[in-house]
Amino acid sequence: MIITNANRFICDILTAMNQTSATSRFAPTTWSKDRVRHVRLLALSLVAVATVAALPAVGNLLDSVPASESIQQHRWVYLMLLIMVIQLGLAVILVLYVDWSTLWAVTITNLLFVGVYAGLFAIRVLAESTNEIISYLQLDLEETPSGKQAMWFMLTVLMFVTQSFFAGRYARRWKRER
């Protein structure tokens, strides 16, 4: 008798759960193949930008591989590799969670990195070699002239700004159409 009443109660709960529907805000949505393709292209461009931006750091790491003794890497190498890992993680999140809000998150994060690289560009161009930030990142220990370092920072800023522009534009258009 008690087991039968419990089974009826569970059946009533399951029936009520099936009849109620989630609000449109929390309901799972499926996007068109065209939107998914655009987001995947933006994720691919994010991977490309992150990889190209980290080329000097990867080159510095590869130069130290054949050395018989362990060579201490400069701090700027770790900073660039950290930014690359974050960018690659964002690309994975962008592929997994296809939504306009994810595009906005990628855009804002890219703009944060634009600020970092633009600050480094300005410091490298305007400051002397004895600047605290340049010394902390050990950019003054590099063989590369400061002009080349500044141009690389500018190129990275332009790549991140371009990628942020297209991701933000598509996210804005997507939210407006929704």
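**Close-up views of helices and cores**

**View 1. The buried residues of helix H2.** In this predicted model, the residues of H2 that are buried are Arg35, Val36, Val39, Leu42, Ala43, Leu46, Val49, Ala50 and Ala53. Looking down the axis of H2, you will find these buried residues within an arc of 140°, so they line one face of the helix. H2 has 21 residues, and its first and last C-alpha atoms are 30 Å apart, close to the 30 Å expected at 1.5 Å a residue.

**View 2. The largest nonpolar core.** This core has 20 residues, and those with the most contacts inside it are Ala57, Trp76, Tyr117 and Phe160. At least two residues each come from helix H2 (33-53), helix H4 (75-96), helix H5 (100-126) and helix H7 (146-177). The most are given by H4, with six residues.

**View 3. Around Tyr117.** Leaving aside residues up to four places away in sequence, Tyr117 touches Ala53, Met80, Ile83, Phe153, Thr156, Val157 and Phe160.

**View 4. Helix H4 along its length.** Buried here are Trp76, Val77, Met80, Leu81, Ile83, Met84, Gln87, Leu90, Ala91 and Leu94. For a quick geometry check, the 22 residues of H4 should span 32 Å at 1.5 Å a residue, and this agrees with the 32 Å between its end C-alpha atoms.

Key. Residues numbered from 1 in each chain as written. Predicted model: local features only at pLDDT ≥ 70, side-chain atom pairs only at ≥ 80, totals over all residues. Heavy atoms only, no water. Core = buried A, V, L, I, M, F, W, Y, C linked by side-chain atoms within 4.5 Å. Buried < 20%, exposed > 50% of the residue type's maximum accessible area, 1.4 Å probe, protein only. Helix = DSSP H or I, 4+ residues; strand = E, 2+ residues; numbered from the N terminus. Contact = heavy atoms within 4.5 Å. Expected span 1.5 Å × (residues − 1). Arc of directions from axis to C-beta.
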